[in-house]
Amino acid sequence: MSDSHVSAGTPAGRDVEGGVARAVSVIVPTRNNERTIEATLASVVAQTEPNVTLIVVDNASNDATPEIAQRYTDVYLEAGPERSAQRNRGIQAAETPWIVWLDSDMILPPRALEVALDTAEQTGAAGVALPERTIGTGFWTACRALERECYLDQPWLHNPRLLRREFMVGDGEFHLAMSGPEDADLRMKMRRAGHRIELAPIVIDHDEGHLTLRDVFDKRRYYGRSIPALEAEHDGAVSDQGRAVLGAYWSHRGDLARRPLHAAGMVAMRAMEAVGYGYGAWTARREAASGGQTS
C-alpha cells in the first residue's frame, strides 16, 4: 500500500521554544482501533514534556479510527501493510531528535515522556524502555496483568520505546518480515551492538480489554509466523527469551503463590500461547518450503 500525507501540524512539536534537543515524536500505528485510540492519543497530548509531535500512521482502517486520530494528531499518514512498515514510515516523517513508538491501546501517564527523556539524559542510554501493566476486565485479563507484574523489575525483558531518530533511520529500522517479534528484534539488535538500554521509573497502561483464550491463541499464532525470521536474525533468541521469562516468574514466585487461581490461569494461558507461537512458526516454515502455497 502506498502512503499519503493527509494532514500535518507543527513538525517540530507543539512548543518549539527551548528544549529542542529534547523534542520527541510519538509514532502510533493504527488499524481499526476505535475502542482504544482516543485514550491513547489524549494521553500523548496531555504530556508535561512540551516539545511533542504526534504522528499517527493508519493502515486502511474502516471504522472511526481515522476520524478520531485526526482530531488529535499533528501528522496523519496512511501506510502498510504491517505494523513494522507503519512505524518505519512514521520515523521517516519525524523531524525530532527523539522518537517514541507507542501502540494504539496504550495510555501514558502525564510525565511519561518527561521521565523517559530524563532517564536517557542522565544515563546516556541509547534506548529507554517504559514498563507496562495490563488493564481490562475478566479473568484472563487479570491473569495477563499478573504475568506483566512479574516483568516490571526485569530490564532484559523490556523493549526500548524512546530512541534517537538518527539510530532508527539507520541500523534501528523495524524488520519488515516481522509482525509481533519486531520489538524484541530491535532490543536484541541494540544489545548485540553494545547499545545501552535503560528502564524508566514509570509504568504505562496497556488496555487489553476483555481477553479470551481464543484472542490469546489467535494473536500468538499470527505473531508466531514471524518466529523463523527472528531466529534467522538472532541465534537462540527464542530459548533465551524463554529462560528470561521463567527467571522472572521464579523471582516473583511469592507474588504468584499469593494469587494461586490467577497464577494457574497464567500458566494455562502461557501454555496456549506457546502452542500458538509454535503453530504459527510451523505454518510459516511450511509455506516457505512450498513456495508460499498452502493446502
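Predicted model: local features only at pLDDT ≥ 70, side-chain atom pairs only at ≥ 80, totals over all residues.
View 1. Residues are numbered from 1 along each chain as its sequence is written, and side-chain values use heavy atoms, with hydrogens and water left out. Strand β2 (residues 24-30) and β3 (residues 52-58) pair in the parallel sense over seven bridges, where pairing requires that DSSP finds at least two bridges between two strands. Helices (H or I, at least four residues) and strands (E, at least two) are DSSP runs numbered from the N terminus. β2 also pairs with strand β5 (residues 98-101), again in the parallel sense, over four bridges, and V26 stands opposite V100 in β5.

**View 2. Strand β2, helix α1 (residues 37-45) and β3 make a right-handed β-α-β unit.** Right-handed here means that, with the strands pointing away from the viewer, the path from the first strand over the helix to the second runs clockwise. Seven of the seven residues of β2 are buried, that is, under 20% relative accessible area with a 1.4 Å probe and protein chains only, whereas exposed would be over 50% and partly exposed in between. In a regular strand the side chains alternate between the two faces of the sheet. In β2 both faces are covered, with V24, V26, V28 and T30 buried on one side and S25, I27 and P29 buried on the other.

**View 3. Strands β6, β11 and β8 form an open sheet in the order β6-β11-β8, with mixed pairing.** Because β6 (106-107) and β8 (132-137) stand at the edges, each with a single partner strand, one side of each is left without a neighbour in the sheet. β8 and strand β11 (residues 204-210) run parallel and are joined by five bridges, and I135 stands opposite D207 in β11.

**View 4. Helix α5 (residues 139-149) packs against helix α12 (residues 260-289) at an angle of about 90 degrees, with the axes 8 Å apart.** The axes are lines fitted to C-alpha atoms over the stretch in contact, and angles run from 0 to 180 degrees between N-to-C directions. The two helices, α5 and α12, are therefore roughly perpendicular to each other, a term for angles of 65 to 115 degrees, while under 35 counts as roughly parallel, over 145 as roughly antiparallel and the rest as oblique. The contact, meaning heavy atoms within 4.5 Å, involves residues including W140 and R144 of α5 and M266 and R270 of α12.
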